[in-house]
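Open the model in your viewer and keep the sequence panel beside it. Each stop below tells you what to select and what is there.

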Amino acid sequence: MVLGGAFGTLTMGSVDSAVDSTSVGMPGELDYDVSTDGSGGFGLLYALPTMGALDVSISYFPNADDAGLDDSEYMDTFGIGAAFDAGMATVSFGFESASSNDADCSVSAAAIEGIATAAALITAVYGDSVCGDMDTIPVGAEMPVSDLTLSAGYSTIDSDQADRTTMGFGVETSVGDYTIGAGSVSYTHLTLPTKA
């Protein structure tokens with residue numbers, strides 16, 4: 001359902017997060033690192049009226065999977081995103097925070113007993129996956145140069161276990177009805193939590 005007017009636009013249902021809806025210049029793996037895992041299911045997306053060259057959106061998701069507030073993994077996911085068209089380039093910035101019902105991301109001894117590989121054991125013990133409460137901050141930029149569109153982005157996800165930082169650069173051009181992307185390069189760095 002969409003309500004629109006001089007106050008802006010409010011969209012309810014299965015919506016993009018505010019960060020996702022305003023982000024620009026997110027090539028390669030950055031497309032997957034813009035939103036937290038909590039931005040799914042039923043949500044509210046409010047887009048403020050455009051202020052000159054600035055677009056701002058705010059989003060809220062009460063849970064991540066529409067299964068109900070009591071048994072959803074993520075609850076209360078808030079986000080704010082903004083995009084500014086500076087003429088020669090468009091830049092975007094956002095922040096999103098998701099609260100998890102499994103904030104400690106603990107692994108039981110029984111689960112560890114069933115692990116067959118060393119890699120899986122390291123994952124379970126040291127927590128090298130992004131899980132639990134999450135905060136994400138993406139920054140992106142997009143600039144047309146002649147027939148090319150240059151893009152660059154940076155995203156960081158801070159979680160209860162591992163933290164992930166991703167940077168990417170891309171080049172795109174249009175040939176007739178086709179858009180060709182070349183040179184999309186992404187770099188991802190995973191930081192493991194410190195164990196006592």
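**Before you start**

This is a predicted model, in which local features need pLDDT of at least 70 and side-chain atom pairs count only at pLDDT 80 or more, while totals for chains, interfaces and linings use all residues. Residues are numbered from 1 along each chain as its sequence is written, and side-chain values use heavy atoms, with hydrogens and water left out.

**Stop 1: the whole protein**

Show the cartoon. The protein has three helices and ten strands. Helices (H or I, at least four residues) and strands (E, at least two) are DSSP runs, numbered from the N terminus. From the N terminus on, the order is β-β-α-β-β-β-β-α-α-β-β-β-β.

Of the 196 residues, 30% count as buried. Buried means under 20% relative accessible area, exposed over 50%, and partly exposed in between (1.4 Å probe, protein chains only).

A contact means heavy atoms within 4.5 Å.

**Stop 2: strands β4 to β7**

Select residues 54-63, which form β4. Finish with β7, residues 134-145. Two strands pair if DSSP finds at least two bridges between them.

- β4 and β5 run antiparallel, with nine bridges. Ile 58 has Ile 80 in β5 as its bridge partner.
- Find Ala 82 opposite Phe 93 in β6. Then find Asp 85 opposite Thr 90 in β6.
- β6 and β7 are antiparallel and share seven bridges. Ala 98 has Met 134 in β7 as its bridge partner.

**Stop 3: the hairpin loop**

Zoom in on Gly 87, in the loop between β5 and β6. This hairpin has four residues between the strands, and Gly 87 takes a positive phi near 95°. Is Gly 87 buried or exposed? Gly 87 counts as exposed because its relative accessibility is 61%.

**Stop 4: an aromatic pair**

The structure holds one aromatic pair. Show the rings of Tyr 60 and Phe 78: the pair is tilted, at 4.8 Å centre to centre and 35° between the planes. Rings of Phe, Tyr and Trp (its six-membered ring) pair if their centres lie within 6.5 Å; planes under 30 degrees apart count as stacked, over 60 as edge-to-face and the rest as tilted. Tyr 60 lies in β4 and Phe 78 in β5, so the pair ties together parts that are 18 residues apart in sequence. Tyr 60 is partly exposed at 24% relative accessible area. Phe 78 is also partly exposed, at 48%.

**Stop 5: the largest nonpolar core**

Which residues make up the largest nonpolar core? Select six: Ala 64, Tyr 74, Ala 98, Val 130, Met 134 and Ile 157. A nonpolar core is a set of buried Ala, Val, Leu, Ile, Met, Phe, Trp, Tyr and Cys residues joined through side-chain atoms within 4.5 Å.

Stay on Tyr 74. Not counting residues up to four places away in sequence, its contacts include Asp 37, Pro 62, Ala 64, Ala 98, Cys 131 and Met 134.

**Stop 6**

Go to Thr 22 in helix α1, residues 18-22. Thr 22 counts as buried because its relative accessibility is 8%. Its side chain reaches the backbone oxygen of Ala 18 at 3.0 Å. Leaving aside neighbours within four places in sequence, Thr 22 touches Asp 55, Ser 57, Gly 81, Ala 82, Ala 83 and Ser 92.

End at Leu 48, in the loop between β3 and β4. Leu 48 is partly exposed, with 25% relative accessibility. Beyond four places in sequence, Leu 48 is in contact with Gly 8, Val 56 and Ile 58. The C-alpha atoms of Leu 48 and Ile 58 are separated by 8.1 Å.

Key:
Polar contact = N/O pair within 3.5 Å; in protein donor to acceptor, adjacent residues only side chain to side chain.
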